[in-house]
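Please look over the sequence and the structure shown here before reading on. The report that follows goes through some features of the model, one topic at a time.

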Amino acid sequence: FFYTYLYGQVPKALGRMTSLRYLSLSSSISNNTITMMMTYLKSLCSLRILHLDNCFAQGTVAEFINKLPRCLSNELQELHLPSNQLTGVLPASIGHFAYLRTLDLSGNHLTGHVPYEIGLLTNLTMLDLNNNDLDGTMTGEHFAGTRSLQHLYLSGNALKLEVNSEWQPSFRLRGAGFAGCQMGPLFPAWLQWQVSISFLDISSTGITDTIPHWFSEAFSSAVDVDMSNNTLNGGLPVNMETMSLQMFNLSFNQLTGRIPTLPMSLEYIYLSSNQLTGPIPPLPVSLKNVDFSSNQLTGPVTPLPP
């Protein structure tokens, strides 16, 4: 029933569907309270996947999670609650749902710290807390048991990621978004172990450092990388031509030197508002959008031969 814009109360018959494994009522049950929804969920002990996107006009995230039936602690695998108006602190009781693979709480108004109990979710492959009002510090302890994690999205919060420079996480990310979080001043060394990453957004993260020598090799499979609005200095990554990049954003930094040979796969590149000098190298014919403005570049613009 997702995105059907049904209204009114949820029928009582829902609570008798005890074999139900997948329930999605996204954008479909306006004017229902969390308490009312919990009344119908308490008998659905076979649920594996629960989508309640854009369903609640008010309520706290603790109220919802603490009222989830305890019989789901060993059953529920996906919990999607994005784009609601949920407020408050993510409760430590989230750690009881050990079989969760997906937890999506993006686009709410969650506040406070992320509980350490997130690290108890050993099966978690995707954690999306984008666009909330979370603050505080996340450390390696938060990820102590998340060895299955592949997607981690924390953008749009006031979080600080603070880990030891020698920390080697047990997970291998494919997608990661940290825009607006505090990760600097040094370039996060732990990212060098994320060799499977395809999407990475570390824009506006307070990094004041050079781009590390391992960048091109570690992120050789990356397709979309955004490192804009930091204070990166020194030159652009070496051996960029070996990468698989399609979008690369390094605008609004303090990069110097010449633009190296670019990947043939590149479609979008943004290097505006740096201090780059010298001639513009031949550009890949795949490029669709280029912004080299506010630098000191010279010479003609020519395409690379096919």
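## Salt bridges

Lys288 is exposed, with a relative accessible area of 58% (exposed means over 50%, buried under 20%, and partly exposed in between, using a 1.4 Å probe and protein chains only). This is a predicted model, in which local features need pLDDT of at least 70 and side-chain atom pairs count only at pLDDT 80 or more, while totals for chains, interfaces and linings use all residues. Residues are numbered from 1 along each chain as its sequence is written, and side-chain values use heavy atoms, with hydrogens and water left out.

Lys288 meets Glu267 in a salt bridge at 3.5 Å, N to O (a side-chain nitrogen of Lys or Arg within 4 Å of a carboxyl oxygen of Asp or Glu). The structure holds four salt bridges, and another of them joins Glu75 to Arg48, with the closest N and O atoms 2.8 Å apart. Glu75 is partly exposed at 25% relative accessibility, whereas Arg48 is buried at 18%.

## The nonpolar core

The largest nonpolar core has 84 residues, and those with the most contacts inside it include Phe64 and Phe178 (such a core is a set of buried Ala, Val, Leu, Ile, Met, Phe, Trp, Tyr and Cys residues joined through side-chain atoms within 4.5 Å).

## Around Ile202

Ile202 is buried, with a relative accessible area of 0%. Leaving aside residues up to four places away in sequence, Ile202 touches several residues, among them Phe178, Met183 and Met227 (contact means heavy atoms within 4.5 Å).
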